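Subject: Model handover

Hello,

Here is the model for you to look over. My notes follow below it.

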Amino acid sequence: MIQNFCQDDSFDKYDEYQLHMNTLLSASLTDFDIPLRILLPLGDAGIRRLRDLVSMTRTQLLSVSRMGVVSVDFLEKFLASQNLSLKK
């Protein structure tokens with residue numbers, strides 16, 4: 001008797017989504033169109049990757065030196081365009 005072994009070539013949406021999110025969150029903030037006036041204070045505060053940014057709350061960002069309401073609003077809109085948000 002000959003058995004037919006088939007490889008499982010099924011598409012796993014969850015794995016692709018996870019891979020996409022890991023890649024996106026690992027991206028440097030300098031890879032995006034974020035103004036230098038925002039990048040510099042973030043870098044000084046140790047926020048260099050998208051993963052670092054989404055782990056911050058609005059209040060925490062506002063406490064970063066040289067980060068104002070306009071800058072935080074910009075970052076919230078930027079994150080929304082990436083289907084992300086600040087920590088609640």
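Start with F78, which counts as buried at 10% relative accessibility. Buried here means under 20% relative accessible area, exposed means over 50%, and partly exposed is in between, with a 1.4 Å probe and protein chains only.

Some ground rules. This is a predicted model, in which local features need pLDDT of at least 70 and side-chain atom pairs count only at pLDDT 80 or more, while totals for chains, interfaces and linings use all residues. Residues are numbered from 1 along each chain as its sequence is written, and side-chain values use heavy atoms, with hydrogens and water left out.

The aromatic pair

A search of the whole structure finds one aromatic pair. Rings of Phe, Tyr and Trp (its six-membered ring) pair if their centres lie within 6.5 Å; planes under 30 degrees apart count as stacked, over 60 as edge-to-face and the rest as tilted. The rings of F32 and F78 have centres 5.2 Å apart and planes at 65°, so this pair is edge-to-face. The pair links distant parts of the chain. F32 sits in the loop between helix 1 and helix 2, F78 in helix 5, and 46 residues separate them. Helices are DSSP runs (H or I, at least four residues), numbered from the N terminus. F32 is buried too, at 18% relative accessibility.

The core

The largest nonpolar core has 24 residues. Such a core is a set of buried Ala, Val, Leu, Ile, Met, Phe, Trp, Tyr and Cys residues joined through side-chain atoms within 4.5 Å. L50, L53 and L61 touch the most other members. Helix 1 (13-26), helix 2 (36-44), helix 3 and helix 5 each supply at least two residues. Helix 5 gives the largest share, four residues.

Look at L50 next. Not counting residues up to four places away in sequence, L50 touches L24, L25, A27, L29, F32, F78, L79 and L84. Contact means heavy atoms within 4.5 Å.

Helix 2

The buried residues of helix 2 are I38, L39, P41, L42 and G43. They pack against helix 4 and helix 5. G46 follows helix 2, and its phi is positive, near 85°.

S71 belongs to helix 5. Its relative accessible area is 6%, so S71 is buried. Leaving aside neighbours within four places in sequence, S71 is in contact with R37 and I38.

T57 lies in the loop between helix 3 (50-54) and helix 4 (58-62). T57 is buried as well, with a relative accessible area of 18%. Neighbours within four places in sequence aside, T57 is in contact with L86, K87 and K88.

Positive phi

Most residues other than glycine have a negative phi. Which residues other than glycine have a positive value here? R66 is one of them, with phi near 70°. R66 is found in the loop between helix 4 and helix 5 (69-81). R66 is exposed, with a relative accessible area of 54%. N83 is another, with phi near 60°. N83 lies in the segment after helix 5. N83 is exposed, with a relative accessible area of 71%.

Best wishes
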